[in-house]
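Keep the structure in view as you read.

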Amino acid sequence: MERMLPPLTPGTLYLVATPIGNLEDITLRALRVLRECDVVAAEDTRRTGQLLKHFEISKPLLSYFQFNEAKRSEEILERLKRGEKVALVTDAGTPGISDPGERVVRAAVAAGLRVESVPGPCALVAALTASGLPTDEFHFIGFLPHKSGQRRKQLEALKRFAGTLALYESPYRVEKLLGELNEVFPNRPIVLARELTKKFEEFLRGTPAELLALVAKRSLKGEFVVLVSGMTADEEAKECESSSSGVVSNG
Ligand code: SAM
């Protein structure tokens, strides 16, 4: 443990993870970086303003979101080159994970500028680690595209992956996603990680059909991470059997 904390390094972009629901999850380092930086680049300045107010931090805010990323990245780079310390935060969780951030990080790295991660909450990690599914190998998909054909194609392409699949999904499309999983992965164990770190956090486990039956009984609200168990040994054996018997599957 460090006793004397060094000051922040001038000209550094700090990627600061923020809570995904429970404010207690902010880290001591995140608070220090937010207190000591020159400016906070935020996905939603109003929302981050509330977070900073809660922790009694007052800082200039700069909006940085999907549709002004290119322009704002340049501005952030200029600031870093002038020696400013810039903290980047998103609405919740870790910047760059299904959130803005990647672009400015890439630009900063290309320009030889310093980037530091201030790790903390991330819905993917919270869901995966408590799911009971294998964590040694996993594939993070993030949000699937909106178009049905593209969604289906992406899921089909992952059928043979042996590790756990992890998706983010909006509450409005969770039922649709379960329907798709029921077609592509009917026998796989699924875990719905709902409202992580919040009052109504729960883990719902079952096959896609079992979870569809549950959703039909009680409408599920809130935020979700959806985890799909990887290809089972059984499925693999069946695939081998059908390919060696010359059966051609068009499914
Ligand atoms: N950057 C964030 C992270 O590190 O997890 C993710 C941002 S992404 C725009 C938002 C999605 O993350 C939600 O639609 C949901 O799938 C997932 N998510 C965020 N907070 C969550 C929570 N408390 N419980 C379950 N899922 C959550």
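## Around the ligand

A polar backbone atom of A92 lies 3.3 Å from a nitrogen atom of the ligand. Keep in mind that this model is predicted.

| Residue (backbone atom) | Ligand atom | Distance |
|---|---|---|
| A92 | nitrogen | 3.3 Å |

How much of the ligand's accessible area does the protein cover? On its own the ligand has 570 Å² of accessible area, and the protein covers 91% of that. The space that the ligand takes is the largest pocket.

Now for the neighbours. The ligand is surrounded by 19 residues, and the closest are T94, I97, D99, Y168 and F224. Sorted by class, this shell has 11 nonpolar, 5 charged and 3 polar residues.

Where in the chain does the shell come from? Domain 1 (12-121) and domain 2 (124-236) each give at least three residues to the shell. At least two residues come from each of strand 7 (164-169) and strand 10 (224-228).

Technical notes. Residues numbered from 1 in each chain as written. Predicted model: local features only at pLDDT ≥ 70, side-chain atom pairs only at ≥ 80, totals over all residues. Heavy atoms only, no water. Near = heavy atom within 4 Å. Polar contact = N/O pair within 3.5 Å; in protein donor to acceptor, adjacent residues only side chain to side chain. Areas by Shrake-Rupley, 256 points an atom, 1.4 Å probe, with all protein chains shown as cover. 1 Å grid on protein atoms, 1.4 Å probe; cavity = no way out; pocket = protein on both sides within 12 Å on 5 of 7 lines; lining within 4 Å. Sits in = over half its atoms within 2 Å of the grid points. Helix = DSSP H or I, 4+ residues; strand = E, 2+ residues; numbered from the N terminus. Nonpolar A, V, L, I, M, F, W, Y, C, P; charged D, E, K, R; others polar. Domains from an automatic or database assignment.
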